[in-house]
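Work through the exercises below with the sequence and the model open. Each task is followed by a solution in steps.

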Amino acid sequence: MKLSKYLPRARRARFGAVSVTTLAALFSTGLLIALVSGAQAAATSVPLGTADSFVVLAGAGITNTGPTTLNGDLGTFPTTSISGTGTLTVTGANHAGDAVTQGAKTDLVTAYNTAAGEGPTTPIVADLGGQNLTPGVYNSASSIGLTGTLTLNAGGDPSAVFVFQAGSSLTTASASEINLVNGAQTCNVFWQVGSSATLGTNSRFRGSILALTSITATTGATIEGRLLARNGAVTLDTNTITKSTCAGVTATTATSTTTTATSTTTIASTTTSATASKTTATAKKAAAAKKAAAAKKAAAAKKAAAAKKAAAATSAVARETLRRAAFTG
């Protein structure tokens, strides 16, 4: 049945116009949702190559003031100067400007370009403080600022990746911090910075910074991740920097599940074998009992036949005795 058959021409026209408008609105909304979802789903981990073992890597030297602890490697090339080493504690290796550092610098260029090329992106339109972000690629054509607390929510996926792209600088305020929730891991957070990065006093930062120019960690800033500067210097002041490492949660769970399944199969097989053996033993026992009963019955029949035969013989003897007695008398 055609609806147009029962609608006046004017109403049909209005209905058609409304339908087109509604469909257009729905299409636009769906497209927007698809774009946002695509941006969040597109983020992939940035391969650092040999730069992965470094917590500080520079191009124009490293300067330190105050007691700083580096839980990982450090190096700088082509400028190889490192000052303030007397108050610098390094639990990794100080590669200075050796071949390892040079290889890491080459890999850093590749990693930087990879991070800068990820997309599609979600625009950053305000300071990141107070925001709760899901996995994805976030981009600012100019600078990125962080005042207060930024929360990165992995939604229960420990492999979720967060990539932040700054056209120019990255600046975090004093006492600012980044919290990771619902499985988010520091090893999967990357900050690609088009110029330089500055981390505020006593701030708590998470993620690997890949800066085109320089990186400055001010007094008391704590970093879980890496400070990797392509061309400029890295400046430290009473900091603690710890290299992030991903925990293999998914792989461990899969292994445990497989082991459990194998154990269950073994137990089931053992139970089946035991049941089969028990059934066979019962059958053998029943057959033996049946055979014994038959033998007993045969023996009884044989004994009865012998008794009957003996009784018949006795009866015959008695008759003969009576006959003879009668004849004699």
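The exercises go from the whole chain to single residues, and the model they use is predicted.

**Exercise 1. The chain as a whole**

Task: State how many helices and strands the chain has, and what percentage of its residues count as buried.

Solution. Step one is the inventory: three helices and 20 strands. Step two is burial: the chain has 329 residues, and 31% of them count as buried. Step three concerns the surface, which comes to about 17,900 Å² of accessible area, with 63% belonging to carbon and sulfur atoms. Step four turns to contacts with a separation of 6 or more: 54% of these are made by residues 24 or more positions apart.

**Exercise 2. Helix 2**

Task: Find which residues of helix 2 are buried, and determine how they are arranged around the axis.

Solution. Begin with the extent. Helix 2 runs over residues 99-116, 18 residues in total, and spans 26 Å from its first C-alpha to its last, close to the 26 Å expected at 1.5 Å a residue. Next, list the buried positions: T101, A104, K105, L108, A111, Y112 and A115. These positions lie on the same side of helix 2, because they cover an arc of only 125° around the axis. The spacing can be read against a general rule: an α-helix has 3.6 residues a turn, so residues three or four places apart point the same way. On the other side of helix 2, the exposed residues are A99 and T106.

**Exercise 3. The nonpolar cores**

Task: Identify which residues have the most contacts inside the largest nonpolar core, and which element gives the largest share of that core.

Solution. The largest nonpolar core holds 42 residues, and the most contacts inside it are made by F164, W191, I209 and L227. Strand 1 (residues 54-65) contributes the largest share of this core, four residues. Now take L227 and leave aside its neighbours within four places in sequence. The contacts of L227 then include V55, V56 and L57; I209 is also among them. Another core, of 17 residues, lies apart from the largest one, and A51, F54, L108 and V161 are among its members. L108 was also listed among the buried residues of helix 2.

**Exercise 4. Backbone exceptions**

Task: Locate the cis peptide bonds from F77 to P78 and between G119 and P120, then the positive phi values of A96 and N182.

Solution. Start with the peptide bonds.

- From F77 to P78 the bond is cis, with omega near 10°; P78 has its place in strand 3 (residues 73-83).
- G119 and P120 are joined by a cis bond with omega about 0°; P120 is in the loop between helix 2 and strand 6 (122-123).

Then go to phi.

- A96 is not a glycine, yet its phi is positive, near 50°. A96 sits in strand 5 (residues 94-96) and counts as partly exposed, at 28% relative accessibility.
- N182 is not a glycine either, and its phi is about 55°. N182 belongs to the loop between strand 13 (177-181) and strand 14 (189-193), and it counts as partly exposed at 47% relative accessibility.

How values were computed
Residues are numbered from 1 along each chain as its sequence is written. This is a predicted model: local features need pLDDT of at least 70, side-chain atom pairs count only at pLDDT 80 or more; totals for chains, interfaces and linings use all residues. Side-chain values use heavy atoms; hydrogens and water are left out. Helices (H or I, at least four residues) and strands (E, at least two) are DSSP runs, numbered from the N terminus. The expected span of a helix is 1.5 Å times one less than its number of residues. Buried means under 20% relative accessible area, exposed over 50%, partly exposed in between (1.4 Å probe, protein chains only). The arc is that of the directions from the helix axis to the C-beta atoms. A nonpolar core is a set of buried Ala, Val, Leu, Ile, Met, Phe, Trp, Tyr and Cys residues joined through side-chain atoms within 4.5 Å. Contact means heavy atoms within 4.5 Å. Accessible areas come from the Shrake-Rupley method with a 1.4 Å probe; for residues, only the protein chains shown count as cover.
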